[in-house]
Amino acid sequence: MSTAELAPSILLVEDDQMDIMNVQRELRKHDINVPLHIAKNGREALHLLKGEGGQNQIQKPSVVMLDINMPRMNGLELLEALRSDPDFVGLNVFIMTTSDLETDRLKARELAVSGYIIKPLNFDKFGEGGSTVDGFSLFLDLLRLKD
């Protein structure tokens, strides 16, 4: 599969149904209509990306939106796995978390995260919070989904 000219898509790795619905609503509100693949934890996300564990392989997403706190394989563990895999080392990954822990931020930064978004996700409030603004602006620029 060629990586050139792939249609944009998002992989959302999130175990909380309310947060999933919140992301879906915010994307709709901003007319971002692209395939949204959902994985409930890091291990499920890897299965989708690699076509393992009985899952059909998804096209490499434009962006991964990744919760940190999840069962089985958390967001930072998944990010570490992606960064050590030549097929996924360059993925644009945005961390979404309720945690504002500096240790999480430092670890995410070490793993070359593209942006850091504090939940609850509300794209209208991006004028109110430091790197979160830049993270979401970058997110939209990367996707270029609003045609």
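Is Lys 50 buried, exposed or partly exposed, and what is its relative accessibility? Lys 50 is partly exposed, because its relative accessibility is 33%; buried means under 20% relative accessible area, exposed over 50% and partly exposed in between, with a 1.4 Å probe and protein chains only. The legends below describe a predicted model, in which local features need pLDDT of at least 70 and side-chain atom pairs count only at pLDDT 80 or more, while totals for chains, interfaces and linings use all residues. Residues are numbered from 1 along each chain as its sequence is written, and side-chain values use heavy atoms, with hydrogens and water left out.

**View 1. Salt bridge between Lys 50 and Asp 85.** The N to O distance in this pair is 3.2 Å; a salt bridge is a side-chain nitrogen of Lys or Arg within 4 Å of a carboxyl oxygen of Asp or Glu. Lys 50 belongs to helix H2 (residues 42-50), and Asp 85 to the loop between helix H3 (75-83) and strand E4 (92-97), so that the pair links distant parts of the chain, 35 residues apart. Helices (H or I, at least four residues) and strands (E, at least two) are DSSP runs, numbered from the N terminus. Asp 85 counts as buried, at 12% relative accessibility. By the salt-bridge rule the count comes to 2.

**View 2. Salt bridge between Glu 26 and Lys 29.** The closest N and O atoms of this pair are 3.3 Å apart. Both residues lie in helix H1, 3 residues apart, and are therefore separated by about one helical turn. Glu 26 is buried, at 2% relative accessibility, whereas Lys 29 is partly exposed, with a relative accessible area of 44%.

**View 3. Helix H1, residues 17-29.** The buried residues of H1 are Asp 19, Ile 20, Asn 22, Val 23, Glu 26 and Leu 27. They cover an arc of only 160 degrees around the axis, which puts them on the same side of H1; the arc is that of the directions from the helix axis to the C-beta atoms. Met 18 and Arg 28, on the other side of H1, are exposed.

**View 4. The loop between H1 and strand E2 (36-39).** Asn 33 lies in this loop and is exposed, with a relative accessible area of 62%. Asn 33 and Ser 9 are 24 residues apart in sequence and 8.9 Å apart in space, C-alpha to C-alpha.

Key
The expected span of a helix is 1.5 Å times one less than its number of residues.
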